[in-house]
Amino acid sequence: MSDAHVFLDSLFATAVAAAHPANFLPPLLPAPPKGRIVLLAAGKAAGSMAEVAERVYLDERTLAPDRLTGIAVARHGYGRPTRVVDMVEAGHPIPDAAGLAAAERALSYADAADSDDLVLVLMSGGASANWIAPAAGISFADKQTVTRALLKCGAHIGEINTVRKHLSRIKGGRLARHAFPAQVVTIAISDVPGDDPAVIGSGPTVPDPSTLAEARAMAAKYRLDVPEAVTRALADPANESPKPGDKAFDGATFTLAARPADALAAAEAAAKAAGYEVISLGDRVEGEAR
C-alpha cells in the first residue's frame with residue numbers, strides 16, 4: 001500500500017472515530033429511572049450503541065441486569081455481541097422480514113413501558129429501513145415496493161421519509177405515542193443533510209411537521225408506481241402523523257450526538273496538521289452516488 005493510501009486510510013479512521021459511540025455516548029446516557037431502562041436501538045450503529053450503553057449501565061453504574069431490557073436492530077453484518085439487549089440483523093436499504101419482526105418487538109417493548117420506566121432510543125443511519133411497521137391495510141410486500149420506488153425515483157432523503165412516515169406505525173413520532181407515559185430519551189447519530197431530528201430515522205420519537213398532503217404530493221411529483229393499498233393509505237386521515245403539541249412528546253428529549261460535519265471536521269483537522277491545504281465540500285452534498 002502506498003503512503004498516500006495509508007494517509008487516506010488514516011483520515012477515514014479519524015472521521016469514523018469522531019462519530020463512534022464509544023467516544024461520545026457514555027456522558028450522554030441518562031441516569032437510571034425508578035423502574036426499568038427499555039433500550040430500543042436501530043440503524044447501522046445500533047449494535048455499537050447498545051454495546052456501549054450496556055457497558056455503562058451494567059459495569060460502570062452497576063445496574064441490575066433485570067432492569068435493562070430491549071432490542072437493537074442493525075443491517076446485516078453490523079451486529080454486536082450484546083449481553084442483555086437482543087441483537088437482530090435486518091435488511092437495508094430494502095427492509096426484510098427480520099426488520100419487520102424487530103419493529104413489532106420494539107413497539108411491544110414501548111407499549112409495556114410505564115411511567116416509572118425510561119425508554120432509551122438510540123438511532124443512527126439506516127433506522128428507517130431497519131424499523132419497518134406498515135400502517136393498517138398495507139402489506140409488507142407493499143412497503144418493499146414503495147421503498148424500491150422511492151429509492152429509484154431520485155427523491156432526496158427528506159422527501160423519501162415524508163412518504164415513509166405516513167405509511168408506518170413506528171415512524172413520524174408514533175414510537176413516542178406507544179411509549180407514553182414513560183419518559184423517552186432519544187440519542188441519535190445523524191446521517192442526513194441538515195441533521196433534522198424529524199428526518200433522522202424518519203423521526204420515530206419527535207413531532208412530524210410533514211403531512212399526508214405532502215406525502216401525496218411527493219408520490220405525484222415522482223409519479224411513483226405504487227400498489228393501490230398505498231394510494232388508499234396516503235388518503236386516509238388516520239395515517240396523519242402526530243404533530244407538535246401532542247401529549248406523546250411531553251417530557252421527551254432528543255440529543256444529536258454526532259453529525260457528518262463532525263466527522264468531516266476531524267478529517268480536515270488531521271489533513272491540515274499533516275501539512276495539506278484542505279477544500280471541504282461540506283456535509284450537504286446530495287445526488288446519485290455513482
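Tutor: L281 counts as exposed, at 72% relative accessibility; buried means under 20% relative accessible area, exposed over 50%, and partly exposed in between, with a 1.4 Å probe and protein chains only. The model is a predicted one, in which local features need pLDDT of at least 70 and side-chain atom pairs count only at pLDDT 80 or more, while totals for chains, interfaces and linings use all residues. Residues are numbered from 1 along each chain as its sequence is written, and side-chain values use heavy atoms, with hydrogens and water left out.

L281 lies in the segment after α11 (260-273); helices (H or I, at least four residues) and strands (E, at least two) are DSSP runs numbered from the N terminus. Together with I279 and V285, L281 forms a nonpolar surface patch of about 390 Å² accessible area. Such patches take residues with over 30% relative accessible area and no salt bridge, joining nonpolar side chains (Val, Leu, Ile, Met, Phe, Trp, Tyr) within 5 Å and like charges within 9 Å. The areas come from the Shrake-Rupley method with a 1.4 Å probe, and for residues only the protein chains shown count as cover.

The part to examine closely is strand β4, residues 118-123. In contrast to the exposed L281, β4 is mostly covered, with six of its six residues buried. L118, L120 and L122 point one way from the strand, V119, V121 and M123 the other way, and all are buried. In a regular strand the side chains alternate between the two faces of the sheet.

β4 belongs to an open sheet of six strands, ordered β3-β2-β1-β4-β5-β6 and paired in parallel. The edge strands, each pairing on one side only, are β3 (86-90) and β6 (253-258). On average, neighbouring strands of this sheet are turned by 15 degrees against each other, direction ignored. Axes are lines fitted to C-alpha atoms, for helices over the stretch in contact, and angles run from 0 to 180 degrees between N-to-C directions.

β4 has a partner on each flank. With β1 the pairing is parallel, over six bridges, and L40 stands opposite V121 in β4. With β5 (residues 183-189) the pairing is again parallel, over six bridges, and V184 in β5 is the bridge partner of V119. Two strands count as paired if DSSP finds at least two bridges between them.

Helices come next. Helix α3 (residues 46-60) packs on the sheet and touches β1 (37-42), β2 (68-75), β3, β4 and β5, with its direction at about 155 degrees to that of β2; contact here means heavy atoms within 4.5 Å. Helix α4 (residues 97-112) lies across β1, β2 and β3, running at about 145 degrees to β3.

D117, in the loop between α4 and β4, forms a salt bridge with R36, the closest N and O atoms being 3.2 Å apart. A salt bridge is a side-chain nitrogen of Lys or Arg within 4 Å of a carboxyl oxygen of Asp or Glu. R36 is in the loop between α2 (21-24) and β1, so the pair ties together parts 81 residues apart in sequence. D117 is buried, with a relative accessible area of 5%, whereas R36 is partly exposed at 27% relative accessibility.

D86 and R105 form a salt bridge with closest N and O atoms 2.3 Å apart; D86 lies in strand β3 and R105 in helix α4, so parts 19 residues apart in sequence are tied together. E104 pairs with R169, the closest N and O atoms being 2.4 Å apart. That pair links E104 in helix α4 to R169 in the loop between α7 (157-165) and α8, 65 residues apart. The structure holds 13 salt bridges, and K165, D208, E240 and K243 are linked in a network of them.

Two cis peptide bonds sit in loops beside strands of the sheet's order. The bond from H92 to P93 is cis, with omega near 5 degrees, and P93 lies in the loop between β3 and α4. The bond joining F180 and P181 is also cis, with omega about 15 degrees; P181 lies in the loop between α8 (174-179) and β5.
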